[in-house]
Amino acid sequence: MEPKKSKYDTNPLDPDFVKNADGGRDNSGPETQEVKGATREIGSSANENARRNIYSEAPTRRYDTVSPDAPYPSVFVPPTHSQPAPYQPPAAPYRPVEQRPTHRTVAGISVPEKWAMALAYAPYLGIVVSLLELFLVPRKEPRVRFHAAQGLALHLVILVVQTLLGVISTITDNPFGKTLFGAAATVFLIVSMVRVLKGKPHHIAPLADATQWFNGHINPKNKS
């Protein structure tokens with residue numbers, strides 16, 4: 001007689017499942033053999049070789065003896081930057097000041113300083129004097145070289161303007177403009193000579209760039 005199942009019996013398996021399973025098992029196969037002998041060693045990998053090397057990993061650091069006040073070593077190391085070099089302003093070009101030229105002999109040309117500075121503005125002769133002074137006077141004579149460079153720039157500007165006015169006067173058959181400019185240029189050159197002889201500062205602002213260029217690019221023969 002089949003046992004009566006109650007409503008609380010939730011076992012989904014058949015009660016005879018275990019008995020039927022044992023009865024249907026086929027035990028005719030070979031029995032499992034016991035493995036004897038040492039287990040074959042498997043080759044080690046690259047990672048295992050690295051673990052055997054005592055230098056492959058950093059040693060463990062002990063913190064039981066570290067002072068509580070000792071700073072903890074941070075992984076982040078701030079970059080070190082060298083201090084920038086202090087700003088050095090460029091050397092200022094020579095600016096003439098009111099100083100009467102002396103009678104001392106200028107190195108390189110053996111001419112008194114007052115005449116070496118003034119002759120650079122001599123009308124129409126100053127262009128030759130200026131070139132000679134720039135090629136012969138060393139750079140340790142900044143006053144003479146400044147006036148030589150400024151006199152050369154001034155004479156070149158006068159020469160260019162006179163040439164243009166000469167072409168215009170030829171076309172118009174009227175030399176008045178050329179004659180007037182020539183007279184004004186001569187007066188300006190004479191005034192420049194007088195100012196330099198008296199030691200007054202004589203700096204022609206429109207010619208500053210040309211003066212600095214001539215003084216910097218024309219190297220003296222005597223550099224000492």
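I began with burial: 23% of the 224 residues in the protein chain are buried. A reminder to myself that this is a predicted model.

Next I looked up the secondary structure and found seven helices and two strands. Reading from the N terminus, I noted the order α-α-β-β-α-α-α-α-α. For contacts with a separation of 6 or more, I see that 69% are between residues 24 or more positions apart. I also checked the accessible surface, which is about 17,900 Å², with 60% of that belonging to carbon and sulfur atoms.

Then I turned to the largest nonpolar core, which has 24 residues. The members touching the most other members are Tyr-121, Leu-134, Val-144, Leu-154 and Phe-214. I find that α3 (113–118), α5 (142–172) and α6 (176–197) each give two or more residues to this core. Helix α5 supplies the largest share, seven residues.

Leaving out residues up to four places away in sequence, I list Val-106, Glu-113, Ala-116, Met-117, Glu-133 and Val-137 as the residues Val-144 touches.

My last stop was α7, residues 208–217. Which residues of α7 are buried? I get Thr-211, Phe-214 and Asn-215. Looking down the axis of α7, I see its buried residues within an arc of 95 degrees, so they line one face of the helix. A handy reminder here: an α-helix has 3.6 residues a turn, so residues three or four places apart point the same way. On the other side of α7, I find Asp-209 and His-217 exposed. The cover over the buried residues of α7 includes α4 (126–136) and α5.

Notes:
Residues are numbered from 1 along each chain as its sequence is written. This is a predicted model: local features need pLDDT of at least 70, side-chain atom pairs count only at pLDDT 80 or more; totals for chains, interfaces and linings use all residues. Side-chain values use heavy atoms; hydrogens and water are left out. A nonpolar core is a set of buried Ala, Val, Leu, Ile, Met, Phe, Trp, Tyr and Cys residues joined through side-chain atoms within 4.5 Å. Buried means under 20% relative accessible area, exposed over 50%, partly exposed in between (1.4 Å probe, protein chains only). Helices (H or I, at least four residues) and strands (E, at least two) are DSSP runs, numbered from the N terminus. Contact means heavy atoms within 4.5 Å. The arc is that of the directions from the helix axis to the C-beta atoms. Accessible areas come from the Shrake-Rupley method with a 1.4 Å probe; for residues, only the protein chains shown count as cover.
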